[in-house]
Amino acid sequence: MFKIFSSIRKEFFLLVSDKVGLALMFVMPLLLVFIITIIQDSAYKIVNENEIPMLVVNHDEGNQGNKLLDLLITSRLFKIDTLNALPEKALKKELLARGKMIALYIPPNFTNGLESNTGEISHMMMRDLGLEADSASVKTAKMPSLSFYHDPVLQENYSASVMGVVDSYLGMIEKSMMIDRIYKDMEIGAKSENLNQKMAVNRVKINQIVATNSNSVAVPNSTQHNVPAWTIFAMFFMVVSLGSNIVKERVNGSFLRLKTMPTSFMLVMFSKMVVYVLVAILQVALTFSIGVWILPKIGLPELTIPTNFPAFAAVVLISSMAAVSYALLIGSWAKTQEQANGFGAISIIIFGAIGGILVPAFVMPEYMQFASNFSPLHWCLEGFYILFLKGGSWNELRWVMLFLGVFILICQLCTYIKLRIEKII
Amino acid sequence: MYTGPSIQIENVTKRYKSAQEDSLSHVNLQINEADVYGLLGPNGAGKTTLISILCGIIPPSEGNISYYIGGVGISGNERKSRMGFVPQEYAFYQELTPRQNLDYFGAMYNLSKADLSVRIDALLYELGLTKVADKEVSTFSGGMKRRVNLAIGLIHKPAILFLDEPTVGVDVQSKNAIIKYLEEINRAGTTIVYTSHHMSEAEEFCNRIALIDHGKVVAEGGMNELLTKNDASSLQDLFIKLTGEEYRD
C-alpha cells in the first residue's frame, strides 16, 4: 500500500512541479470557456431566443405598413428598430453602420398598391359571379414591393426564413383586405369582421416538440456547448504535460532503473492514470462550476447539469481515461519531449476541430461529420450532449461508452507494445 | 567473512536484433563476494551491455548468470531486492528534491516508511546532501546529481552494487567523496561491480578487473597479478597493451 501511495505521491509532485503544464490544464479551459462563450453567445441568442434585430423604415402613406409592423412586433421573432425618417438609399449604409443583420423597407405606395390589387380581384370576382360591379371604383396602381436588406455574412437559408416570415404576414394582410373589399362591394361590409376573425383563428396549428428523453428541456446555448467542449479539449491537452513526462522518464533511464527493482511497471502506469484522471475530474469540476455559478453573473446562460448523475459521472470518468490513455500513447511513442508536445498539441487541435469542439459537428459538411466519428473528443462531447441536451439514458450512452472503451484499449495496447519494444516492461 | 562467488557468469553472449556481430561473446566470469570488480574496456567494448544484463535490464541471448549471497542462490524479486544499480545517466526525477526521489525509489524497494525515513537521513548526511535535501535537483551541480544518483542505488543497502561510470563528469571533491563512500560500504561486505574510463581511479579502487574488448574478455584477474603477468607499469599501460592505441569511436 505504501508503494502505491509513494508512486501516486511522486506523480503528484511531478505534476505540481510542471507549472506550465498546470496552467495549460486549468487556466486554458477557463479562458477558452469565457472567451468563446461570450463570442458565441450572441449567435446562439439569434438562433434560440428568436429575437432577430431588424431595422424597419416605413414610408407607407396608408395604414397597412403600420399593420405589417405591428404583426412583426407582436410575433416576438424580431427586435424591431424603426427609423422612418431615413431615405431608402441611405438604408444600406445605416444597416452596416448600426451592426444590424437585416432591414425591411416599406415603400410609400404600399397601402395604395395593395388596395388597388384587392379592388381589381374583387371586381373580377363580382363580374364572374354575374353581380354588378362598379368599374369606376377600381383604382389601378402598381403592385407594391418591399425591400429586404441583409448583411452579406448572413447565411442564405437564414435570410430566406426571415423573408418567409415577412411573406406570411403579408399574406395575412392581403387576405384580410381582400375579404373586406369583397364584402364591401357586395354591400355587406359590416359583416367582414366575423369572417376575418374566423379565418385568423381557424388555422392549422403546428405543435413544437423538443425531442428529449426527460421532461427537463435544456436549450442548446453557448454555455451548454462551450463548457463541456472546452473542458474535454483541456482534458486531452494534458498530453503536453503527461506525454512529455513519460518521454523524460523513458529517455533519462528512470523507467529502466525501475526494471532493476522489485516492483511492477504496471504500478507506474496505474499511478499516472490515477493522478491524471483526478486532474481531469478536477478540470470538469472547475469549469462546470464556472458554468453554473459564474457565467450567469456576467449575463451568459447558466449551465444546466443533467439529473442522471451516475451516468454523468460515468461519462466524465471514461472521457478522463480516454484523455490519459492518449497521453500515455503519445508519451510512449514520441522520441523527444518536443515531439510529444508538438504532435500531442496539434493532434488535439485537429481532433477538436473534426470532433465538433470548435464548431458543432451538425453544421459541418457530411463528409466531415463522418470524419468526426474518428475523433475521441467527438465521442466525449456526444456523451455530454446526450446527457445535457437530450436527457439521455444509459442505453443511449452505449455507443459513446463502446467507442471510448475501444479507444482506451487501443491506446493502452499500443503503449504496452512500445514499452515492450524498448524492453522497459 | 564468506568470500565465495557472488555472481557467476557462464558463457554469456548478447547479439542485438539488427546487429551483425555479438556485443558480448561467450563471457565467463566469477565475481566474489566483497570484491570491487572493475569491468574495463574502450568505448563500444560491451561493458554497459554486460552490466545491463547483470542488472536484469536486458536478457542475454545465450548463457546463464547465477547470484549468491553467503553462498545461497538468489533469484527473482529477492535478487532485485538485494541488488543496487547506479546507471551512467541521471536516472531519477530532477524536478523533485533528493528526499522526494529517495522516498519514491526506496518505497519501490519495499522499504517501510519508518526504515526509509532513517535511511534517507543517513544517506543524505553521508553523501553531503543534507543541506540541499529539500531543493529541486535540477538546480544542482553535476557532482551533486551524481551523489543523488548513487544514493538512490544505495537506499536499500544492497548486497551487490552495480555502478556504470559513477564518477563521470564530476569534480575532484565529489569523485573523492563517492569513492570513499564506496570503499566504506565495500569494507562492510557489499560486492561492487564497476565500469569506468578512469584508469587511475580503477587501479586504486578495484581489487579485480576484467578487460573487455570487442565483446570478449581479453584479461581477467587480480590487479597486481595482471600487471605482473603483462609486464605493465600501470593499469593504463596494461589497457593500451591489450586493446591497442587505435581510436574507438
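Me: In which helix is the place of V274(A), and does V274(A) count as buried, partly exposed or exposed?
Reply: This is a predicted model, in which local features need pLDDT of at least 70 and side-chain atom pairs count only at pLDDT 80 or more, while totals for chains, interfaces and linings use all residues. Residues are numbered from 1 along each chain as its sequence is written, and chains are lettered from A and ligands numbered from 1 in the order in which they are written. V274(A) lies in helix α11 (residues 265-294) of chain A, where helices (H or I, at least four residues) and strands (E, at least two) are DSSP runs numbered from the N terminus. A residue is buried if 20 or more other C-beta atoms, placed from the backbone, lie within 10 Å of its own, exposed if 12 or fewer, and partly exposed in between, so V274(A), with 16 C-beta neighbours inside 10 Å, counts as partly exposed.

Me: What separates the C-alpha atoms of V274(A) and L329(A)?
Reply: Along the chain, V274(A) and L329(A) are 55 residues apart.

Me: How are α3(A) and α6(A) oriented to each other?
Reply: Axes are lines fitted to C-alpha atoms, for helices over the stretch in contact, and angles run from 0 to 180 degrees between N-to-C directions. The axes of helix α3 (residues 64-74) of chain A and helix α6 (residues 156-185) of chain A come within 10 Å and cross at roughly 130 degrees. Angles under 35 degrees count as roughly parallel, over 145 as roughly antiparallel, 65 to 115 as roughly perpendicular and the rest as oblique. The two helices, α3(A) and α6(A), are therefore oblique.

Me: Which residues of α6(A) meet α3(A)?
Reply: Two residues are in contact if their C-beta atoms, placed from the backbone, lie within 7 Å. From α3(A), the residues that take part are Q64(A), K67(A), L68(A), L71(A) and L72(A). Their partners in α6(A) are Y169(A), L170(A), M172(A) and I173(A).

Me: Are α15(A) and α16(A) roughly parallel or roughly antiparallel?
Reply: Helix α15 (residues 376-388) of chain A packs against helix α16 (residues 398-421) of chain A with axes 9 Å apart and an angle of about 150 degrees. Because of that angle, α15(A) and α16(A) are roughly antiparallel.

Me: Which residues of α16(A) make the contact with α15(A)?
Reply: On the side of α15(A), the contact is made by P376(A), W379(A), C380(A), E382(A), G383(A) and I386(A). On the side of α16(A), the contact is made by V400(A), F403(A), L404(A) and F407(A).

Me: How many residues does each chain give to the contact between chain A and chain B, and which element of chain B gives the most?
Reply: The contact takes 26 residues from chain B and 19 residues from chain A. On the side of chain B, the elements that give two or more residues are α2 (76-81), β6 (83-86) and α3 (98-108). With five residues, the element that gives the most is α3(B).

Me: How many of the residues of α3(B) are buried, and what do they pack against?
Reply: The buried residues of α3(B) pack against α1 (2-17) and α10 (254-259) of chain A, together with α4 (113-126) and α5 (142-154) of chain B. Among these buried residues are L102(B), Y104(B) and F105(B). The helix α3(B) is largely enclosed by the rest of the structure, because its buried residues number 10 of the 11.

Me: What is the phi of N110(B)?
Reply: N110(B) is in the loop between α3 and α4 of chain B, and with 17 other C-beta atoms within 10 Å, N110(B) is partly exposed. Most residues other than glycine have a negative phi. N110(B) is not a glycine, yet its phi is positive, at about 65 degrees.

Me: Which residues does F239(B) touch, not counting residues up to four places away in sequence?
Reply: F239(B) is found in helix α9 of chain B, and F239(B) is buried, with 23 other C-beta atoms within 10 Å. Apart from residues up to four places away in sequence, the residues that F239(B) touches are L40(B), M199(B) and L211(B).

Me: Where in chain B is confidence lowest, and where is it highest?
Reply: Confidence is given here as pLDDT, the predictor's confidence in each residue, from 0 to 100. Chain B averages a pLDDT of 91, and 98% of the residues score at least 70. In chain B, the lowest confidence, at a mean of 86, is in helix α9 (residues 235-243), and the highest, at 96, is in α3(B).
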